[in-house]
Every structure is written in structure tokens, then in C-alpha cells.
Amino acid sequence: MGKLLIVGSVAFDAIETPFGKTDKILGGAAPFIGLAASQFNVESAIVSIVGNDFPQEYLDLFTDRNIDISGIEVVKDGKTFFWKGKYHNDLNSRDTLETQLNVLADFNPIVPKSFKDADVLMLGNLNPSVQLSVIDQMEVKPKLIVLDTMNFWMDIALEELMEVIAKVDVITINDEEARQLSGEYSLVKAAKKIHTMGPKYVVIKKGEHGALLFHKGSIFFAPALPLEEVFDPTGAGDTFAGGFSGYIAKTDDYSFDNMKNAVIHGSNLASFNVEKFGSERLQELTKEEVYKRLTQFKSLTQFDIKLT
Ligand code: AMP
């Protein structure tokens with residue numbers, strides 16, 4: 001069993017979907033990643049920052065799941081990062097209505113001593129400069145570095161983001177972001193170009209159309225489980241990343257074949273996350289439910305065709 005270090009935003013989110021609205025609830029990349037990875041009982045830690053407005057009960061939620069929070073800085077007179085988004089009727093696209101970086105604007109991350117030798121480093125969405133600093137603080141080179149990012153950082157910090165991309169093994173990115181980053185419309189061409197930027201593995205997430213894993217000319221496809229109802233897609237990408245990196249950390253196997261399994265586990269957990277607002281569904285999720293849905297995934301994709 002490997003150790004997992006997670007860096008990413010910890011936030012308050014205000015979300016509007018065609019089905020309802022929330023005021024400030026727990027959001028940010030790191031909570032989704034941490035909650036998803038906790039399904040694998042890995043030893044994990046979050047490096048992030050919040051303000052003094054951040055409720056203790058949310059921090060307790062992490063410690064209850066054995067997620068080390070000593071790397072979450074609490075700023076006495078600061079306000080927690082805030083993000084507000086509104087989904088369109090098809091739930092496939094959304095508008096960011098507000099991004100208040102607050103304490104995230106000048107955050108100097110400090111990696112806890114006991115995680116400077118983490119096996120897997122999961123760089124969740126936040127400033128590329130913070131992601132770089134975390135890579136630099138590792139005393140032992142992680143066996144795998146996974147990066148998740150978004151168009152916001154491509155727009156305002158592309159140069160630093162490219163520096164991060166050059167140092168990671170895996171990048172997980174959605175289809176539109178892959179197109180923006182590569183300047184290619186075809187996702188196959190986009191992945192090829194992104195390989196040349198550094199990552200040996202490129203995962204392109206296509207929302208309800210699943211995810212593609214590219215490695216050395218091979219492509220693996222994992223569907224998303226067709227759900228009757230999608231309630232709120234917020235954090236699906238982060239949950240995928242948490243499932244992916246948590247599974248790799250648990251198995252301590254860095255082969256392409258195991259990455260395929262990790263993509264399935266990521267997709268499986270993401271399918272739960274979209275069923276309720278924010279991380280509500282992940283908070284109550286049981287191992288039995290996860291297992292049951294994995295078997296559905298298996299029968300969805302397995303076929304025995306005679307090649308004659
Ligand atoms: P996803 O739906 O996977 O793209 O992730 C949504 C989460 O990303 C929300 O909980 C937000 O708080 C967080 N988020 C939105 N914008 C940013 C940003 N610029 N940097 C870091 N996290 C962000």
C-alpha cells in the first residue's frame with residue numbers, strides 16, 4: 001500500500017443546476033479527491049489553505065476518513081476560496097459566475113514531513129506555482145505524479161502550467177481543455193501533442209461520454225455509467241482523479257494495465273458524485289455500493305465476440 005499526497009483547492013462552492021441551488025457548501029478539488037481516494041483506505045494527506053470561516057466539521061470530515069490535515073493552513077484573518085457556477089440545461093456545460101481566490105491568492109504550501117516520501121503525488125486543481133512548489137519539496141521522487149488542471153489556469157498562468165506539465169507522469173484533463181492546451185480539435189492528435197509536453201499518460205475526460213487513456217500509441221476507453229439522473233456534475237473530474245490516484249496508491253502498481261483499472265475506478269466513483277450536490281454523495285458512500293456498481297461497469301463493457 002502506497003502513500004498519497006494531495007494538493008488542491010479547498011473551497012466554498014455556490015452551485016446552481018436546473019434542479020436547485022446551494023448556498024456555500026464544501027467544495028474545491030482536494031475534498032473530492034480525498035473523499036474518493038479514502039474508499040481505498042490509503043494513507044493520505046491534503047496540502048491546501050482555508051480561512052477562519054472554514055467550519056471545523058469539514059476538517060473533521062477529513063480526519064474521520066484518515067486524511068492527514070496537518071498540511072491545511074488556516075489563515076486567521078483570511079477568507080476561504082469561493083467559486084460560484086451555474087450549469088446549463090444539458091448539464092454538460094457550465095458558466096463560472098464568480099471566482100474569489102481569497103487565501104489561495106498567495107499560498108505558500110508546506111508539505112508535512114511524513115509525506116515528503118509519498119509514493120503518489122496528486123496535483124489537484126489550483127495555481128501551477130503551488131503545484132511546482134509541492135513537487136520541489138518532495139525528498140523522494142514520487143513513483144507517480146498526476147496532474148489535474150483547468151482552463152482558468154491555462155488562461156492566466158500558462159507558462160508556469162507548462163513547467164508543471166513537463167514534470168508529471170499523468171495529466172487528466174477534459175476534452176475542451178485538451179483542445180485548448182494543444183490547439184488540436186481531434187482528441188487523438190491533442191493527446192499526441194500533450195505527450196510531447198511531458199506526460200507519458202494522458203487521460204481525456206469526456207463527461208457523460210467517459211474517459212480516454214492514451215499511452216505510447218495505445219488507447220484505452222472507459223465509458224461513464226449511463227445514469228437515469230445527473231443532479232450536479234461539480235467535482236466529477238476531481239472525484240475521477242481521486243479514484244484514479246487512490247487506486248494506484250493502494251495497488252502500488254504503475255503499469256499501463258493497472259492504469260486502465262484506475263480509470264475504471266475513477267469513472268465508477270465519479271458516477272456516484274454527480275447524484276447529489278457537491279460532495280454529499282461521496283460523504284455517505286459505502287464500500288458495498290462501490291463494489292455493486294463496479295460489477296455493473298464490468299457487465300456494461302464486457303463482450304465476447306468471435307473474431308473469425
Ligand atoms: P470540477 O467540476 O471537477 O471541474 O471541479 C469543481 C471544483 O473546482 C469546485 O468545487 C471548485 O471549488 C473548484 N474550482 C473551481 N475553479 C477553480 C480554480 N480556478 N482553482 C482551483 N479550484 C477551482
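The structure is a prediction, in which local features require a pLDDT of at least 70 and side-chain atom pairs count only at pLDDT 80 or more, whereas totals for chains, interfaces and linings use all residues. Residues are numbered from 1 along each chain as its sequence is written, and side-chain values use heavy atoms, with hydrogens and water left out.

The ligand is surrounded by 18 residues, the closest being Ser9, Asp13, Gly28, Gly235 and Asp238; a residue is assigned to this shell if one of its heavy atoms lies within 4 Å of the ligand. By residue class, the shell divides into eight nonpolar, seven polar and three charged residues. In this classification Ala, Val, Leu, Ile, Met, Phe, Trp, Tyr, Cys and Pro count as nonpolar, Asp, Glu, Lys and Arg as charged, and the others, Gly among them, as polar. A polar side-chain atom of Arg94 is placed 2.9 Å from an oxygen atom of the ligand. An N or O atom in the side chain of Trp153 lies 3.3 Å from a nitrogen atom of the ligand, and a polar backbone atom of Gly237 lies 3.3 Å from an oxygen atom of the ligand. Of the 510 Å² of accessible area that the ligand has on its own, the protein covers 93%; areas were computed by the Shrake-Rupley method with a 1.4 Å probe, and for residues only the protein chains shown count as cover. Two or more residues of the shell are given by each of strand 2 (11-17), strand 7 (81-87), helix 4 (151-156) and helix 8 (236-251), where helices (H or I, at least four residues) and strands (E, at least two) are DSSP runs numbered from the N terminus. Helix 8 provides the largest share, three residues.

Residue burial was classed by relative accessible area, with buried under 20%, exposed over 50% and partly exposed in between (1.4 Å probe, protein chains only). Helix 1 (residues 29-37) is largely enclosed by the rest of the structure, because nine of its nine residues are buried; Phe32, Ile33 and Leu35 are among them. Thr80, in the loop between strand 6 (67-75) and strand 7, is likewise classed as buried, with 1% relative accessibility. A polar atom of the Thr80 side chain lies 2.9 Å from the backbone nitrogen of Gly51. By contrast, Phe303 is exposed at 68% relative accessibility and is located in the segment after helix 11 (287-301). Together with Ile305 and Leu307, Phe303 makes a nonpolar surface patch of about 430 Å². Such patches comprise residues with over 30% relative accessible area and no salt bridge, with nonpolar side chains (Val, Leu, Ile, Met, Phe, Trp, Tyr) joined within 5 Å and like charges within 9 Å.

Lys113 is exposed at 60% relative accessibility, as is Glu139 at 54%. A further salt bridge is formed by Lys167 and Asp136 (3.9 Å, N to O); it connects the loop between helix 5 (158-165) and strand 11 (170-174) to helix 3, across 31 residues. Within helix 6 (residues 175-182), Arg179 and Glu176 are three residues apart and therefore separated by about one helical turn, and their side chains meet in a salt bridge (3.0 Å, N to O). Arg179 is buried at 17% relative accessibility, whereas Glu176 is exposed at 52%. A network of salt bridges links Glu275, Lys276, Arg281, Glu284, Glu289 and Arg293.

Positive phi values in residues other than glycine occur at Lys216, near 45°, and at Asp252, near 55°. Lys216 is situated in the loop between strand 13 (211-215) and strand 14 (218-222) and is exposed, with a relative accessible area of 71%. Asp252 is situated in the loop between helix 8 and helix 9 (256-273) and is partly exposed at 33% relative accessibility.

Terms used. Polar contact = N/O pair within 3.5 Å; in protein donor to acceptor, adjacent residues only side chain to side chain. Salt bridge = Lys/Arg side-chain N within 4 Å of Asp/Glu carboxyl O.
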